[in-house]
Amino acid sequence: MKQLIINPGSTSTKISLYEGERELFTRSIFHDAPLLLSFKSTNDQLPMRRGVIEELLRVYGYKLSDIDVFIGRGGCAYSQPSGVMVIDEKLYNDTRDDRGGSDHSAKLGVMLAYIFAKETGKIAYTVDPTNVDELIDEARLTGIKGVYRRAQSHVLNQKGVARLWCKEHEKEYEKSNIIVAHIDGGITIAAHENGRMIDGTEGAGGDGPFTPTRLGSIPVLEAVRYAKTHSVEEVEAMCSRSGGFVNHFGTSNSDTIHKLVEEKDEHACLVWKTMIYQIAKEIGAMSTVLKGQVDAIILTGGLVRFNDIVDGIKERCAFIAPIYVYPGEVEQEVLNSEVLKVLNGEKKANTYSGKSVFTPYFWDKTL
Ligand SMILES: Nc1ncnc2c1ncn2[C@@H]1O[C@H](COP(=O)(O)OP(=O)(O)O)[C@@H](O)[C@H]1O
Ligand SMILES: CCCC(=O)OP(=O)(O)O
């Protein structure tokens with residue numbers, strides 16, 4: 001049995017082919033901002049991402065018809081509980097239409113897996129999409145009635161590395177308190193309390209640190225003033241695709257920016273240092289969510305390969321809890337292994353509910 005793993009990110013498309021537990025190949029294709037921003041919307045990127053996948057399959061000597069199961073990273077539909085989910089037509093439609101109220105390239109994983117499965121008469125799954133919602137009420141409410149913070153993060157890798165850390169330290173995820181900072185094209189920091197992500201930065205919502213592709217948290221008034229001379233659409237795009245390094249330097253390529261840092265470019269040095277500072281600040285915030293009872297801080301994601309990011313965070317956060325580093329991500333492995341559990345009958349897959357995990361509070365009915 002062959003499983004194709006489709007993982008579209010804000011700066012890359014990661015593809016893996018597995019035969020059971022055996023990895024046949026994994027590749028990550030980088031797409032820089034000028035290419036991705038040439039598409040009007042994330043949905044418009046679908047044919048380009050599809051082309052990348054089909055070309056890779058061809059290079060490795062496979063066809064779509066050789067695949068038995070399509071597994072895509074997901075997000076953007078109504079929020080759901082953690083776990084494996086069958087990709088059906090309703091999930092495809094709600095993902096395409098951004099029913100969850102946000103736009104992020106991970107959605108293309110669900111969409112492509114569904115399209116491929118439909119074309120070949122096979123089955124498609126997703127696991128822990130970006131909008132798994134385990135937030136506590138205080139993490140959700142804002143100072144505007146009816147406006148809420150959303151659960152939106154690298155859930156797949158956040159939970160994947162947290163579970164890996166627990167396994168390596170003979171702990172149970174369901175009995176541990178962990179802060180995970182996932183640092184790559186997007187950056188999310190979340191507090192995991194006894195196996196639930198009770199608070200976290202809204203990864204493509206203009207929240208948390210700025211990133212290679214995102215503007216991060218900025219005072220609302222500044223954003224509103226900016227939109228007066230630009231446009232609301234421009235600010236929205238900066239929440240997921242065109243903020244951060246892309247806005248400052250026109251590229252999301254962290255290697256390019258880091259080279260400028262090594263050459264002591266003043267602008268790049270300050271942007272790089274500020275991103276590290278903002279990540280540390282959010283880790284501090286999540287430590288208060290966990291009331292200081294933190295078993296581990298985990299740093300993970302594509303940018304953790306830069307030692308100065310790790311050192312900068314350690315300098316500010318080592319007093320909170322021991323810091324562990326897992327460069328890259330475990331998304332491909334987790335997508336495959338969790339679906340294998342379903343296929344082997346060890347676990348049940350969820351069906352998409354078509355409604356959000358969060359039900360508005362009674363006072364919202366008066367809105
Ligand atoms: N092939 C590559 N060449 C240069 N830079 C890369 C490449 N792949 C990834 N990167 C860099 O690593 C960072 C994170 O990449 P990745 O983990 O693929 O993130 P995402 O999943 O958000 O797309 C990006 O900022 C990008 O600059
Ligand atoms: C919205 C959280 C997921 C995310 O930011 O993913 P990328 O880092 O792949 O853009």
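Colleague: How many helices and strands does the protein have?
Modeller: There are 13 helices and 11 strands in the protein; helices (H or I, at least four residues) and strands (E, at least two) are DSSP runs, numbered from the N terminus. This is a predicted model, in which local features need pLDDT of at least 70, side-chain atom pairs count only at pLDDT 80 or more, and totals for chains, interfaces and linings use all residues. Residues are numbered from 1 along each chain as its sequence is written, while chains are lettered from A and ligands numbered from 1 in the order in which they are written.

Colleague: Which domains does the assignment give?
Modeller: It gives domain 1 (1-133 + 331-367) and domain 2 (155-328); the bounds come from an automatic or database domain assignment. Their C-alpha centres lie 23 Å apart.

Colleague: How many residues does the contact take from domain 1 and from domain 2?
Modeller: Domain 1 gives 20 residues and domain 2 gives 21 residues, where two residues are in contact if their C-beta atoms, placed from the backbone, lie within 7 Å. On the domain 1 side, helix H1 (33-36) and helix H13 (331-343) each supply at least two residues. H13 provides the largest share of that side, three residues.

Colleague: And how do the residues on that side of domain 1 divide?
Modeller: Eight are nonpolar, seven polar and five charged. Here Ala, Val, Leu, Ile, Met, Phe, Trp, Tyr, Cys and Pro count as nonpolar, Asp, Glu, Lys and Arg as charged, and the others, Gly among them, as polar.

Colleague: Turning to the ligands, which residues come nearest to ligand 1?
Modeller: Of the 16 residues around ligand 1, the nearest are Gly9, Ser12, Phe30, Gly185 and Gly302; a residue is near a molecule or strand if its C-beta atom, placed from the backbone, lies within 6 Å of it. The shell around ligand 1 holds three nonpolar, 11 polar and two charged residues. Strand S3 (22-30) and helix H10 (254-262) each contribute at least two residues to that shell, and domain 1 and domain 2 each contribute at least three.

Colleague: What about ligand 2: which residues come nearest?
Modeller: Gly9, Ser10, Gly185, Gly186 and Gly203 come nearest among the 14 residues around ligand 2. The shell around ligand 2 divides into two nonpolar, 11 polar and one charged. At least three of its residues come from each of domain 1 and domain 2.

Colleague: Now the sheets. In what order do the six strands run?
Modeller: The order is S3-S2-S1-S4-S6-S5, in an open sheet with mixed pairing; two strands pair if DSSP finds at least two bridges between them. S3 and strand S5 (84-86) are the edge strands. Within the sheet, strand S4 (residues 69-72) and strand S6 (residues 123-127) are parallel and share four bridges, and Gly72 has Thr126 in S6 as its bridge partner. Helix H4 (residues 107-120) packs on this sheet, touching strand S1 (2-8), S4 and S6, and its direction makes about 165° with that of S4. Axes are lines fitted to C-alpha atoms, for helices over the stretch in contact, and angles run from 0 to 180 degrees between N-to-C directions.

Colleague: What is the strand order in the sheet of five?
Modeller: That open sheet has the order S9-S8-S7-S10-S11, with mixed pairing. Strand S9 (196-200) and strand S11 (323-327) form its edges. Strand S7 (residues 177-183) and strand S8 (residues 187-193) run antiparallel, joined by seven bridges.
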